[in-house]
Amino acid sequence: MQKKKLIIALAALRKLLTCAICVIALVALFSVHVPIFPSSKVPNFSDPFKLPTICDMVAVARIINATLVIPELDKRSFWKDSSNFSDVFDEDHFINALSNDVKIIKKLPKELATGTRAVKHFRSWSGMDYYQDEIASMWEEYEVIRAAKSDSRLANNNLPLDIQKLRCRACYEALRFAPQIEAMGKLLVDRMRSYGPYIALHLRFEEDMLAFSGCTQDLSSAEADELRIIRENTPYWKEKEINPIEQRSKGYCPLTPKEVGIFLTALTYPSNTPIYLAAGKIYGGESHMAELRSRFPILMNKETLASVEELEPFNDHASQMAALDYIVSVESDVFIPSYSGNMARAVEGHRRFLGHRKTISPDRKALVRLIDKLEQGTLKEGKNLSNRVIELHRRRQGSPRKRKGPITGTKGTERFRSEEPFYVNALPDCLCKKELPMQATE
């Protein structure tokens, strides 16, 4: 009887992230006695923070009885990060913490190097039947199966409770950052707390994010042209012609630094509120940060909290720098993302798991309408705007509630796409149901 074991490979968070796209490869193998399964490339830490991808591959390995191979991080992504899995994560802890669930190995065994292999595109949002029937049956013919894609391969709902709990165990207990990253992250948190309770602001206003999304609000025409050229010359970004006005009106654009300043002021945060900026290099630099900084001068980031020498080991490694932002964001008193990308979702889900820590999710579509009225002079900053913004976000602050199902009337892929992702809100699968009546729902 064949032993059941799987391999999971990660590409450090993408987008975890930004939508800078670093990619992870997962591998699963099967020898005559050991099933092994390699997974695909997925966006890495930057904004892609694709932590959920790794955790899903752990669950898939369990379902199809495979052995997991520690992933290699993609070196060809947007960020050209040379980090290995062990540079970002505590590899031994990951293996040991899941030893009772899935066998994980660091390298593909030599005897399987020439084994029969298959590359398989796992169907998106698939359930138990698909993996137990269609995928597990492939072990009869192949020794190694590589997943061509590993993001969103597992259904959000209608899975056995033990599989759902394994996903949480993999993400929130087994996946731990490497010791040097954990230590530096704790140091940044301690230094941030010296200013008092703080907001972690995940500000998606980096070059790659703006180029990818086609958003141009608060940019000059020269900057917009520069970003358009970058988008046109990036082959793996499929959408080239984008209407920035339409994108923004639908809420598809990240809030700009200026818009974030208006938003935080309307939420009645005082100007002396400490803010940690969880972001890469802000496009346009201080020219675009000036108004936000004038409203909230205690605006800190890794570079202002730590010395050049302290950050030197992490420089030129986007995934490791993003991991530091992730730690400070998870530990913040309030987390606010300017865009609901991979990292923002990963942080929100982690904070829910740790006790529904406050996370304010901006209603971008509604906010830009109000901000446009300010620009047009038909609305002024003050109590009226503040009351409207506060009311809009009264139920968008991370309080306990069950995970949202699909939007009524949607079918097929769109139905699954409209569901709230499992890793954004693992309640009730991994969180205590009895908390529900004790706190207001969103």
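Me: Two strands are paired when DSSP finds at least two bridges between them. Which residue in β8 does alanine 200 stand opposite?

Reply: Alanine 200 stands opposite tyrosine 276. The model is predicted, so local features need pLDDT of at least 70 and side-chain atom pairs count only at pLDDT 80 or more, while totals for chains, interfaces and linings use all residues. Residues are numbered from 1 along each chain as its sequence is written, and side-chain values use heavy atoms, with hydrogens and water left out.

Me: What makes β7 and β8 a pair?

Reply: Strands are DSSP runs of E with at least two residues, helices are runs of H or I with at least four, and both are numbered from the N terminus. Strand β7 covers residues 199-202 and β8 covers residues 275-278. Four bridges link β7 and β8 in the parallel sense, and the requirement is at least two, so they count as paired.

Me: How do you know that β7 also pairs with β10?

Reply: By the bridge count again: β7 and β10 (residues 334-337) share four bridges, in the parallel sense.

Me: What is the order of the strands in the open sheet?

Reply: The four strands run β9-β8-β7-β10, with parallel pairing.

Me: What makes β9 and β10 the edge strands?

Reply: Each of them, β9 (299-300) and β10, pairs on one side only. For β9 the neighbour is β8, to which two bridges join it in parallel. Tyrosine 276 has methionine 300 as its bridge partner in β9. Helix α15 (residues 342-353) packs on the sheet and touches β7 and β10; its direction makes about 155 degrees with that of β10.

Me: Which way do the side chains of β7 point, and are they buried or exposed?

Reply: Ile199 and Leu201 point one way, Ala200 and His202 the other, and all are buried. Buried means under 20% relative accessible area, exposed over 50%, and partly exposed in between (1.4 Å probe, protein chains only). In a regular strand the side chains alternate between the two faces of the sheet.

Me: Why is arginine 146 called partly exposed?

Reply: Arginine 146 has a relative accessibility of 28%, which is why it counts as partly exposed. The residue lies in strand β6 (residues 144-147).

Me: Why are α1 and α5 called oblique to each other?

Reply: The axes of α1 (residues 51-64) and α5 (residues 161-174) come within 9 Å and cross at roughly 135 degrees. Axes are lines fitted to C-alpha atoms, for helices over the stretch in contact, and angles between N-to-C directions run from 0 to 180 degrees. Under 35 degrees is roughly parallel, over 145 roughly antiparallel, 65 to 115 roughly perpendicular and the rest oblique. The α1 and α5 pair is therefore oblique.

Me: Which residues of α1 and α5 meet?

Reply: Contact means heavy atoms within 4.5 Å. Leu51, Pro52, Cys55, Asp56, Val58, Ala59, Arg62 and Ile63 in α1 meet Asp162, Ile163, Leu166, Arg167, Ala170 and Cys171 in α5. By class, this contact has 10 nonpolar, no polar and four charged residues. Ala, Val, Leu, Ile, Met, Phe, Trp, Tyr, Cys and Pro count as nonpolar, Asp, Glu, Lys and Arg as charged, and the others, Gly among them, as polar.

Me: What makes α10 roughly perpendicular to α17?

Reply: Helices α10 (residues 257-266) and α17 (residues 383-392) pack at an angle of about 90 degrees, with their axes 8 Å apart. That angle is why α10 is called roughly perpendicular to α17. In the contact, Ile262, Phe263 and Ala266 of α10 meet Leu385, Ser386, Val389 and Ile390 of α17. These residues divide into six nonpolar, one polar and no charged.

Me: How do you know that α10 is mostly covered?

Reply: Eight of the 10 residues of α10 are buried. Among them are Pro257, Glu259, Val260 and Gly261, as well as Phe263 and Leu264.

Me: Why is threonine 268 called exposed?

Reply: The relative accessible area of threonine 268 is 52%, and therefore the residue is exposed. Threonine 268 is in the loop between α10 and β8. Its phi is positive, about 70 degrees, although the residue is not a glycine.

Me: Where does aspartate 218 lie?

Reply: Aspartate 218 is in the loop between α7 (207-213) and α8 (221-232). Its phi is near 70 degrees, a positive value in a residue other than glycine. With a relative accessible area of 30%, aspartate 218 is partly exposed.
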